[in-house]
Structures are given as C-alpha cells and as structure tokens.
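Here are some friendly notes to read with the model open beside you. They go point by point, with the cut-offs given along the way.

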Amino acid sequence: MAKVKQGPYFIRYFDPVIKALKELGGSGTPSEVVEIVAKLMNVSEEEQKETLKTGASRFVNQVHFARQYLVWEGLLASSKRGVWSLTEKGMQVGEISH
C-alpha cells in the first residue's frame with residue numbers, strides 16, 4: 001500500500017497560488033488570488049465559510065500561509081502591500097507538488 005505524503009495542510013495551495021497569479025498576469029490582490037484558488041481547487045462554499053477560533057476564514061488563512069512560504073522561497077515578491085506578485089523565478093516555475 002502506497003504511503004500518502006503528509007505535511008502542513010496549506011502546502012496544497014502552493015501550486016494554485018502560482019497558477020492564479022499567472023492567470024492574473026503576474027500579480028493580483030489577495031482577494032483575487034483567493035477567489036481563483038477556490039475555483040481551481042473546487043473549494044466548497046462550506047469549506048470557505050469554515051472559521052478559526054479567531055473568526056477568520058480557515059481557507060483564506062491557509063492560502064495566506066502558502067503565499068508567505070512562496071515569498072520565503074523567492075517565488076513571490078513581498079514588496080508592495082495589498083498586491084501579490086510573482087518574481088521572475090515564480091513566473092518560470094513549473095507545477096509544484098509534494
């Protein structure tokens with residue numbers, strides 16, 4: 001039996017965040033990216049409405065975590081507040097998987 005790869009839940013959003021930004025021409029607002037990621041991943045309305053103890057959306061929080069890790073990897077820029085942008089490295093990256 002094949003072993004399923006485990007890891008933090010938000011890593012599943014790495015590739016969709018990159019794809020969403022490419023679809024947006026290389027940059028977009030967080031809400032634009034979250035909306036496209038939800039469509040790409042077929043995230044149900046129910047899952048999108050699930051909240052953390054703080055009241056924040058769990059789904060949006062996970063997408064934001066994925067973005068931060070992509071910034072640390074040099075695939076997204078962190079320079080402009082309110083805009084997520086791909087770096088040159090991010091524009092050229094292929095599909096990201098586990």
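Does Ile-96 count as buried, partly exposed or exposed? Ile-96 counts as partly exposed because its relative accessibility is 22%, where buried means under 20% relative accessible area, exposed over 50% and partly exposed in between (1.4 Å probe, protein chains only).

1. A word on the basis. This is a predicted model, in which local features need pLDDT of at least 70 and side-chain atom pairs count only at pLDDT 80 or more, while totals for chains, interfaces and linings use all residues. Residues are numbered from 1 along each chain as its sequence is written, and side-chain values use heavy atoms, with hydrogens and water left out.

2. Back to Ile-96, which sits in the segment after helix H5 (88–92); helices here are DSSP runs (H or I, at least four residues), as are strands (E, at least two), numbered from the N terminus. Beyond neighbours within four places in sequence, Ile-96 has contacts (heavy atoms within 4.5 Å) with Phe-14, Asp-15, Ile-18, Leu-70 and Leu-75.

3. Setting aside neighbours within four places in sequence, the contacts of Leu-76 include Val-17, Ile-18, Leu-21, Ser-85 and Leu-86.

4. Not counting residues up to four places away in sequence, Gln-62 touches Tyr-9, Phe-10 and Tyr-13.

5. Finally, the aromatic rings. Rings of Phe, Tyr and Trp (its six-membered ring) pair if their centres lie within 6.5 Å; planes under 30 degrees apart count as stacked, over 60 as edge-to-face and the rest as tilted. The count comes to 6 aromatic pairs. Tyr-9 and Tyr-13 form an edge-to-face pair, 6.3 Å centre to centre with 75 degrees between the planes. Tyr-9 is partly exposed at 46% relative accessibility, whereas Tyr-13 is buried at 1%. Phe-10, Phe-14, Phe-65, Tyr-69 and Trp-72 form one aromatic cluster. Within helix H4, Tyr-69 is partly exposed at 36% relative accessibility.
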